[in-house]
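Here is a short briefing to read alongside the model. Take a moment with the sequence and the fold, and then we will go through them topic by topic.

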Amino acid sequence: MTRGSLGTAPESADPRQTTRMTVNGETVEREVSVRMLLSDFLRHELGLTGTHVGCEHGVCGACTVMIDGRAGRSCLTFAVQADGADIRTIESVAGEDGSLHPLQEAFRDCHALQCGYCTPGMIMNILSHMEAGENLDMSDQEIRELLSGNLCRCTGYANIVKAVRQVADQSNRISP
Ligand code: FES
Ligand code: FES
């Protein structure tokens, strides 16, 4: 039986390349297949399993991380494309002492999650807007549009909208 015929997994001929990036403040470097997705790189190479994978084709938003400060789909980005980038994942959001970020507290307070599968992607999307200094003091419709790239099968979105409203109100109190 020759290699690659029935019953034998063909050997991958994918070229490999070194990619080096900053992830949650630490520089990481790995040699990977040029086809490896950033989502798989984060989960399987770095063990950062807080980034979830749902559809793997850019629809659900579960895999959202911050790439150079903006929300991006890690399932639509190759690890080698992220060479030189600054990546942040959900693991970077809480304080080192485990204290929750106000956005995470708002999700908890408003019961804005059930199974939690969509939550890391939601948080990273909203956080990218907060950290870019964009005003979250929006109408419910505008908040829904902000969240339109993140699908949730459980909540019906109403409590997620409430959580965004809570964190926007807090920010207004802190910086009038
Ligand atoms: S897993 Fe990336 S958008 Fe669904
Ligand atoms: S809380 Fe379950 S998918 Fe959103």
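Which strand do the buried residues of helix 1 pack against? The buried residues of helix 1 pack against strand 2; a residue counts as buried if 20 or more other C-beta atoms, placed from the backbone, lie within 10 Å of its own. This is a predicted model, in which local features need pLDDT of at least 70 and side-chain atom pairs count only at pLDDT 80 or more, while totals for chains, interfaces and linings use all residues. Residues are numbered from 1 along each chain as its sequence is written, with chains lettered from A and ligands numbered from 1 in the order in which they are written.

**The chain as a whole**

- The chain has five helices and five strands; these are DSSP runs numbered from the N terminus, with helices being H or I of at least four residues and strands E of at least two.
- Along the sequence they follow the pattern β-β-α-β-β-β-α-α-α-α.
- The C-alpha trace spans about 70 × 35 × 30 Å along its principal axes.
- Of the 176 residues in the chain, 33% are buried.
- Among contacts with a separation of 6 or more, 57% are between residues 24 or more positions apart (a contact means C-beta atoms, placed from the backbone, within 7 Å).

**Helix 1**

- L38, S39, D40, F41 and L42 are the buried residues to look for in helix 1.
- Just after helix 1, G47 has a positive phi of about 75 degrees.

- Five strands make an open sheet in the order 2-1-5-3-4, with mixed pairing (two strands pair if DSSP finds at least two bridges between them).
- Strand 2 (26–33) and strand 4 are the edge strands with a single partner strand each, so one side of each has no neighbour in the sheet.
- On average, neighbouring strands of this sheet are turned by 40 degrees against each other, direction ignored; axes are lines fitted to C-alpha atoms, for helices over the stretch in contact, and angles run from 0 to 180 degrees between N-to-C directions.
- Strand 3 and strand 5 (residues 86–88) run antiparallel and are joined by two bridges.
- M66 has R88 in strand 5 as its bridge partner.
- Helix 3 lies across strand 3 and strand 4, at about 35 degrees to strand 3.

- Domain 1 brings 14 residues to the contact and domain 2 brings 13 residues.
- On the domain 1 side, strand 3 (64–67) and strand 4 (70–73) each supply at least two residues, and strand 3 gives the largest share, three residues.

**The core**

- The largest nonpolar core has 39 residues, of which I87, L103, I123, M124, I160, A163 and V164 touch the most other members (a nonpolar core is a set of buried Ala, Val, Leu, Ile, Met, Phe, Trp, Tyr and Cys residues joined through C-beta atoms within 7 Å).
- Elements giving two or more residues to this core include helix 2 (102–109), helix 3 (119–131) and helix 5 (158–174).
- Both domain 1 and domain 2 give residues to this core, so it lies between them.
- Leaving out residues up to four places away in sequence, I160 touches A112, M122, L147, C152 and T155.

Terms used:
Contact = placed C-beta atoms within 7 Å. Buried ≥ 20, exposed ≤ 12 C-beta atoms within 10 Å, placed from the backbone. Domains from an automatic or database assignment.
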